[in-house]
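Let's take a friendly walk through this model together. Keep the viewer open and follow along as each part comes up.

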Amino acid sequence: MTNHYDLIILGGGCAGLSLAARLSGHGGGAPRTLVVDGRAGYGNDRTWCFWRLPGAAAQELVAYEWREFRVAGAGREELVDCSATPYCAVPGDRFYEASLAAMGRCGRVELVHDAPVYGAVSGGPGRWEVVTPRGSYTATHVVDTRPARAPRQGDAVLWQSFLGVEVEVGRGGFDARRVTLMDFGETPGQRMVFTYILPFSAHRALVEITEFSAVAVAPAELQPLLRGTLERLAPGAESRTVRTESGVLPMGGDCPAFRGGWRAAGRGRARDMRFSGSSGGRRAARSI
Ligand SMILES: Cc1cc2nc3c(=O)[nH]c(=O)nc-3n(C[C@H](O)[C@H](O)[C@H](O)COP(=O)(O)OP(=O)(O)OC[C@H]3O[C@@H](n4cnc5c(N)ncnc54)[C@H](O)[C@@H]3O)c2cc1C
């Protein structure tokens, strides 16, 4: 019965790995757990940011923090001292590595990749079977953290669409002392578009174009604005793109992707819709 677990966690993203890492903290007392995830591996695919409030979680994973933020637009600029609650960034790869390390130390919490769940079937109280292309597993409990489905137009009253690049510039560059939360620059027409800049050093930053709109905007549509912003920030400078990230997040409204409805489900808070479809998509038929 090596394929039987006390608990199977469906989905090993932010929510699934957070649960797995927390359970791993119980050492030998942790339930024998398997995390089943559809992706092939982890990379630096996103950057989580938050204000460091007293008692905030994941403080040990913070790679960068800023004690001042900037908001600019209509020819004005406001600089705000936020040293009481610094703005912090956790790179995705740091979170994934820390979670896997915690699971490795525990030894009772495992992960299987490349295993999109085809179905999780309950055979009665405490008897679950989870079917993947990598094999079938049984468990006493199942926690499902997979996104319910990718949000669709009409799900939200407002969409946050963004496209960002982590860039290295040869000269000029960024003021690493402060984060730019919103720089409206020369917003085209009536669009609500702004630039968000996380400066990791004078020569390296994550620069993102974000648009709030009634319909979701594909990253490709934001590309010209991003190019213009980079040219404005470091005119004529040689730049190297380290990586790209993009997403479309529903805001407000009654989004089905946020609703519960699972019998043994725990869900992350934010759901993302990616035009690339690499996360947030409904990949497999489900039985629960
Ligand atoms: C580029 C980017 C930046 C973001 N930045 C922020 C931010 O700063 N702050 C914020 O709050 N949110 C942000 N988000 C939203 C982000 O989705 C959430 O922060 C968080 O990742 C949600 O956690 P989750 O576990 O619910 O989903 P995810 O982290 O997306 O994890 C879902 C997991 O389920 C797996 N999965 C899906 N279907 C299956 C299946 N059938 N079988 C097996 N596994 C499956 C996926 O492979 C994935 O690993 C960002 C999103 C993106 C794309």
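What pLDDT does the protein chain average? The protein chain averages 85, and 86% of the residues score at least 70; pLDDT is the predictor's confidence in each residue, from 0 to 100. This is a predicted model, in which local features need pLDDT of at least 70, side-chain atom pairs count only at pLDDT 80 or more, and totals for chains, interfaces and linings use all residues. Residues are numbered from 1 along each chain as its sequence is written.

Start with helix H1, residues 14-24. Helices (H or I, at least four residues) and strands (E, at least two) are DSSP runs, numbered from the N terminus. Of the 11 residues of H1, 8 are buried, so this helix is largely enclosed by the rest of the structure. Here, buried means that 20 or more other C-beta atoms lie within 10 Å of a residue's own; 12 or fewer makes it exposed, anything in between partly exposed, and C-beta atoms are placed from the backbone. The buried set consists of Ala15, Gly16, Leu17, Leu19, Ala20, Ala21, Leu23 and Ser24. These residues pack against strand E1 (4-10), strand E2 (33-36), H2, strand E8 (109-112) and strand E11 (135-144), where a contact needs C-beta atoms, placed from the backbone, within 7 Å.

Now look at how H1 meets H2. Their axes are 8 Å apart and the packing angle is about 35 degrees; axes are lines fitted to C-alpha atoms, for helices over the stretch in contact, and angles run from 0 to 180 degrees between N-to-C directions. From H1 the contact uses Leu17, Ala20, Ala21 and Ser24, and from H2 it uses Tyr96, Ser99, Ala102, Met103, Arg105 and Cys106. An α-helix has 3.6 residues a turn, so residues three or four places apart point the same way.

H2 (residues 92-106) also lies across strands E3 and E7, at about 65 degrees to E7. Those two strands belong to an open sheet of 3 strands with antiparallel pairing, ordered E3-E7-E4; two strands pair if DSSP finds at least two bridges between them. The edge strands, each pairing on one side only, are E3 (47-51) and E4 (64-66). From one strand to the next, the twist averages 20 degrees. E3 and E7 (residues 87-91) are joined by 5 bridges, and phenylalanine 50 has cysteine 88 of E7 as its bridge partner.

Back at E11, you can trace two pairings. E1 runs parallel to E11 over 6 bridges, with leucine 10 opposite aspartate 144. E10 (residues 128-132) is antiparallel to E11 over 5 bridges, and the hairpin they form has 2 residues between the strands.

Which strand lies largely in the open? That is E6 (residues 76-81): the number buried among its 6 residues is 0, so it lies largely in the open. E6 pairs with E5 (residues 68-73) in the antiparallel sense over 6 bridges, and in their hairpin alanine 74 takes a positive phi near 50 degrees.

Further along, leucine 230 sits in helix H3 (residues 219-233). Leucine 230 counts as buried because it has 20 C-beta neighbours inside 10 Å. Its C-alpha atom is separated by 7.8 Å from that of valine 207, 23 residues away along the chain.

Finally, residues 259-288 keep a pLDDT under 50. Where pLDDT is low, the predicted coordinates should not be read in detail.

Terms used: Contact = placed C-beta atoms within 7 Å.
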